[in-house]
Amino acid sequence: ARALLLRRTLDDDRALARSMAFAVRVFEVNGRPDEAAACAHDAVMILEAYPPSADLAYAVSQKAWLALMQGVETVGSRTAARALEIAEEVGDDLTKIRALTVKGACEYSLGDNNAVALVEEAHRLAARSGHHFEETFALVNLTGMAGDVRDLERAADLVQRTRATAARYEIRPLELYAQAQHAEFLTWTGDWTAAEDAATEVLGADPHAENVAWRLLGTIQARRGRSEAREPLERMWSMAKAAGELQHMDPAAGALAEYMWLSGVEDPEWVHEIQEVFDHGMELGAPWPSGAFAFWWWKLSHLEEVPPRVSPFYRLIMEGHWQAAAEFWESRGAPYDQALALMHGDDAAATRALRILEHLGAVAAAARVRRTLLYRGVKVSRG
């Protein structure tokens, strides 16, 4: 912000635009999205008055990245394609790498699985040319892509590569974000103690990583039936609202919905705010809202129909295909989600879900399933 003030006192608008383009990522990562958006817009407006340049390519790529972070993937893909064209025209290899990563991430979120190849190409180009941040950033996105489809084996391999690469180049923010990704994968695989340890290490990092950490800590505590679960979830929700981006708001809203289902108590203020997030996500289209958010909103009876483009592994449960969903989650090594699918089945399936939840230490969810079974007349242990 100080640099921008100084730039405005000088008679060099292109230098000002370069500083603005750089500031986009700084502002966005630190929870100041409005200032990031203003910088992206103004930088492009200034540089468009001049012939195509590396500066313009960079500014446009930053605008594309911002669209990706805000969950507007269609705009992000289109803007990244323009940045790629300018970069190729002026011979800017660095911006080409950045644009490939953003374009691939956007198109993948829109349902094009082949877009992984764009990010892989960006990673290869960055590694070959010594652009260390871009090499690591591409790995972060590849890791997230694997996680999105719950390919946990590939995700676990990629996240270790990301952490090692970030540590080797001393890129601390990406190392911490990869640590948060690692904690999330541990949560999915049911290793909750290790997940809590990994998430705790991220606290105090930049808002992106810390938001994920608070969400995981609150979620695990809620599943274990701990009364202190609300505090980390409130921290998460406050940070997500400050960022104002669906990449944070969507999973955060899902975590709050799960907490309310597990506790059996709905917070009217949370319900109102979550509904706004859901409606906003539906307006933007795919991939929001995510499958987990939609699933928990459905469990709270706030969703009458399954929205389009919900992840199939949650859609299956919501449409009554619990057995196929359970088989999917079992094949992925995700026991808690497997139990969520099984609890929608017959008595034998629900009893199996109860055993899985008890083994995980998911006290709150186990109590819900146990009550359901007792209501059906099935004799089960009381924990």
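This is a predicted model: local features need pLDDT of at least 70, side-chain atom pairs count only at pLDDT 80 or more; totals for chains, interfaces and linings use all residues.

User: What makes the span of helix α21 agree with expectation?

Analyst: Helices are DSSP runs (H or I, at least four residues) numbered from the N terminus. The expected span is 1.5 Å times one less than the number of residues. The 14 residues of α21 (residues 363-376) should therefore span 20 Å, and the end C-alpha atoms are 20 Å apart, which agrees. After α21 comes Gly377, with a positive phi near 90°.

User: Which residues of α21 are called buried, and what covers them?

Analyst: Buried means under 20% relative accessible area, with exposed over 50% and partly exposed in between (1.4 Å probe, protein chains only). Ala364, Ala365, Ala366, Val369, Arg370 and Leu373 of α21 are buried. Their cover includes α12 (207-223), α14 (246-263), α19 (335-342) and α20 (347-360).

User: How do you know that α10 is mostly covered?

Analyst: Of the 18 residues of α10, 13 are buried. Helix α10 (residues 172-189) reaches 26 Å from its first C-alpha to its last, close to the 26 Å expected. Gly190 follows α10 and has a positive phi, near 90°.

User: Why is α13 called oblique to α15?

Analyst: Axes are lines fitted to C-alpha atoms, for helices over the stretch in contact, and angles run from 0 to 180 degrees between N-to-C directions. Angles under 35 degrees count as roughly parallel, over 145 as roughly antiparallel, 65 to 115 as roughly perpendicular and the rest as oblique. The axes of α13 (residues 230-243) and α15 (residues 268-284) come within 13 Å and cross at roughly 40°, which makes α13 oblique to α15. Contact (heavy atoms within 4.5 Å) is made by Arg230, Glu234, Trp237 and Lys241 of α13 and Trp270, Glu273, Ile274 and Val277 of α15.

User: Why are α18 and α19 called roughly antiparallel?

Analyst: Helix α18 (residues 322-332) packs against α19 at about 170°, with the axes 8 Å apart. The two helices are therefore roughly antiparallel to each other. The contact involves Trp322, Ala325, Ala326, Trp329 and Glu330 of α18 and Asp337, Gln338, Ala341 and Leu342 of α19.

Notes
Residues are numbered from 1 along each chain as its sequence is written. Side-chain values use heavy atoms; hydrogens and water are left out.
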